[in-house]
Amino acid sequence: MKKSKILDFTTTEELMHFLVENQEENPLYKNVIKKFEYENELLKLQSELVNLQNWISTEKKKVAIIFEGRDASGKGGTIRRFREHLNPRSMRVVALNKPTEVEQNQWYFNRYIKELPNAGEIVFFDRSWYNRAVVEPVMGFCTEQQYEQFMVQVSEFEHMLYESGTYIIKLWFSVTKEEQQARFDSRLNNPLKKWKYSPVDAKGQELWDEFSHYINQMFTRTHNSFSPWIIVNANDKNTARLEAIRYVLSLFNYKGKEDAEVNLMVDPNVIERYYRMVKELNH
């Protein structure tokens, strides 16, 4: 039997049929199939994001999506998939540097207030005011008094935003200690990604338990009905990206949603709403 080549196929459907039929003979075909299915699903979800953005713009909604998680948990990559086909005129990504000397002497939330979404806009926060809940106390970047003041004020701050009509979506990307180390190793071994590895990253493994303590404190003290914490099980990057997008889409009744050609029901094995447990979580 003549072996088929890529050029023998005139349609994607023909190629995929061949790969599926012969995947047991060549394990590489399984990877190609998985990649194709991911890209196909992603494109459909991104199409729905465009519809959502149009609705947000038309209806003058204000949407703030917070991406938090340990270092190398996939926050930045997920944001890129969210924004890839969106209109940049009504969408922004906010990733603030460390506060200036002036900002250090202002109310902590002040530097974030000016970054909040305007009417008709989506803002993606690549880390947020929750730096003070986890990274800063672990790394010694704030005092105990500053930490406690933040923990007392943050829910009230978010409630004021909620009452003013701002949607606050808080996503926590959760990875295991082993997966984080594997991603650190990948960064260090890739000359194009070495820049991603920071001094804080270097402490991620060493201070894993300390981070876990403050993460659990953050969940317990800042989870509420108007801005709940949503945990994204992110050991599989591609699955986490798809389900994070799916979750955000599921929250809004935007125009055209009923005609979506993609499943908008989230996978409960990937997306979990935080709930208080006696045993601490290890995210």
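Modeller: β1 (62-69) and α10 (208-222) each supply at least two residues of the lining of the largest cavity, where helices (H or I, at least four residues) and strands (E, at least two) are DSSP runs numbered from the N terminus. This is a predicted model, in which local features need pLDDT of at least 70 and side-chain atom pairs count only at pLDDT 80 or more, while totals for chains, interfaces and linings use all residues. Residues are numbered from 1 along each chain as its sequence is written, and side-chain values use heavy atoms, with hydrogens and water left out.

On a 1 Å grid over the protein atoms alone, a cavity is a set of points where a 1.4 Å probe fits but cannot get out, whereas a pocket is an open set with protein on both sides within 12 Å along at least five of seven lines; a lining residue has an atom within 4 Å of a point. Grid points are joined across faces, edges and corners, and a volume is the space filled by probe spheres set on the points.

By this rule there are three cavities of 30 Å³ or more, and the largest has a volume of about 90 Å³. Its lining includes E68, G69, R70 and D71, together with R127, W172 and Q180, and divides into five nonpolar, three polar and four charged residues, with Ala, Val, Leu, Ile, Met, Phe, Trp, Tyr, Cys and Pro counted as nonpolar, Asp, Glu, Lys and Arg as charged, and the others, Gly among them, as polar.

The second largest cavity holds about 50 Å³ of space, and its lining has ten nonpolar residues, one polar residue and no charged ones. Among the residues that line the second largest cavity are L49, L52, Q53, F82 and F252; α2 (27-59) gives the most, with three residues, and β1 and β3 each supply at least two.

As for the pockets, the largest has a volume of about 1,300 Å³, and of its 38 lining residues the closest to the centre are D71, D126, R127, S198 and D201. D71 and R127 also line the largest cavity. The lining of the largest pocket has 13 nonpolar, ten polar and 15 charged residues, and its largest share, four residues, comes from α3. The second largest pocket, of about 270 Å³, is lined by 14 residues, with the largest share, five residues, coming from β4.
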